[in-house]
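Here is the note on the model you asked me to look over. Please read it beside the coordinates.

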Amino acid sequence: FSNCNVLQVTEENLAGIQGLITDMSEGFNHCEGMEYVPAIAFADDGKAYGYGYLFAYCYNLKEVGSLSNMKPSFINSIFYNCYNLRHCPEFPNFDGSVLHNATVHNRVNNLFCNCYSLRTIPESFLSELYSSNLDDPMANSFVNCWCLDEIKGISPLQAPGFASSLKDCHR
């Protein structure tokens with residue numbers, strides 16, 4: 001679906017593929033007209049898949065339903081430049097174990113970079129995602145998140161390297 005400017009995802013057009021979706025790297029990348037994505041259930045087969053840039057450059061995206069059963073091998077820039085996204089979705093059954101064993105730091109960077117309208121992020125998602133084993137944990141993940149009210153699940157003062165990911169958070 002990458003670069004599909006007029007794509008509007010509905011529950012009806014996801015109905016036949018729920019639970020079967022695997023690697024979605026750049027899946028909705030540059031779908032600039034998309035405003036809403038309903039809940040998506042990814043395959044629950046125990047395998048790790050790529051989800052990098054999944055919704056990157058979806059400038060008008062405002063809301064995303066829950067994203068279930070993700071076991072990412074990388075998740076970098078998943079919501080990069082989603083200027084209008086107000087709330088991060090819930091991630092039921094999220095498994096970050098592959099990310100925690102990663103030796104390459106860019107598997108978990110720029111997650112919400114330039115999400116100017118982002119206000120909330122589920123605590124369970126952050127605590128599962130963060131790993132102090134990474135060289136630069138979640139680098140630039142919240143840069144320019146001007147409306148971010150609160151981050152729960154990680155204490156920037158206790159998490160080595162994490163504080164730098166909060167650059168230019170104005171609130």
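1. Basis. This is a predicted model, in which local features need pLDDT of at least 70 and side-chain atom pairs count only at pLDDT 80 or more, while totals for chains, interfaces and linings use all residues. Residues are numbered from 1 along each chain as its sequence is written, and side-chain values use heavy atoms, with hydrogens and water left out.

2. Secondary structure. The protein has three helices and six strands, where helices (H or I, at least four residues) and strands (E, at least two) are DSSP runs numbered from the N terminus. Read from the N terminus, the order is α-β-β-β-β-β-β-α-α.

3. Of the 171 residues, 47% are buried; buried means under 20% relative accessible area, exposed over 50%, and partly exposed in between, with a 1.4 Å probe and protein chains only. Among contacts (heavy atoms within 4.5 Å) with a separation of 6 or more, 74% are between residues 24 or more positions apart.

4. In soluble globular proteins, nonpolar side chains tend to be buried together. Here the largest nonpolar core holds 40 residues, and F28, F55, I75, F79 and F112 touch the most other members. Helix α3 (residues 123-129) gives the largest share of this core, three residues. A core is defined as a set of buried Ala, Val, Leu, Ile, Met, Phe, Trp, Tyr and Cys residues joined through side-chain atoms within 4.5 Å.

5. What surrounds F112? Beyond its neighbours within four places in sequence, F112 is in contact with F79, C88, L118, I121, F125, S141, F142, V143 and C145. F112 is buried, with a relative accessible area of 0%.

6. L54. This residue is in the loop between β3 and β4 and is buried, at 0% relative accessible area. Its C-alpha atom is separated by 5.4 Å from that of S25, 29 residues apart along the chain. Leaving aside neighbours within four places in sequence, the contacts of L54 are M24, E26, G27, F28, N29, F42 and I78.

7. Aromatic rings. The structure holds eleven aromatic pairs. One of them, Y57 with Y80, is edge-to-face, at 5.4 Å centre to centre and 70 degrees between the planes. Y57 lies in the loop between β3 and β4 and Y80 in the loop between β6 and α2, so this pair ties together parts 23 residues apart in sequence. Y80 counts as buried, at 19% relative accessibility. The rings of F112 and F142 are stacked, because their centres are 5.7 Å apart and their planes at 15 degrees. F112 is in the loop between α2 and α3 and F142 in the segment after α3, so the pair ties together parts 30 residues apart in sequence. F142 is also counted as buried, at 0% relative accessibility. One aromatic cluster is formed by Y57, Y59, Y80, Y83, Y116 and W146. The rule pairs rings of Phe, Tyr and Trp (its six-membered ring) if their centres lie within 6.5 Å; planes under 30 degrees apart count as stacked, over 60 as edge-to-face and the rest as tilted.

8. How many salt bridges are there? The count comes to three, a salt bridge being a side-chain nitrogen of Lys or Arg within 4 Å of a carboxyl oxygen of Asp or Glu. K62 pairs with E35, with the closest N and O atoms 4.0 Å apart. K62 is in the loop between β3 (49-50) and β4 (63-64) and E35 in the loop between α1 (11-14) and β1 (36-37), 27 residues apart. Both are partly exposed, K62 at 45% and E35 at 39% relative accessible area. D95 and K71 also have their closest N and O atoms 4.0 Å apart. That pair links the loop between β6 (72-74) and α2 (97-100) to the loop between β5 (67-68) and β6, 24 residues apart. D149 and R119 meet at 3.1 Å, N to O.

9. Cysteines. There are zero disulfides, a disulfide being a pair of cysteine sulfur atoms within 2.5 Å. The sulfur of C82 has its closest cysteine sulfur in C115, 5.1 Å away, too far for a bond. C82 counts as buried at 0% relative accessibility, and C115 is buried at 0% relative accessible area.
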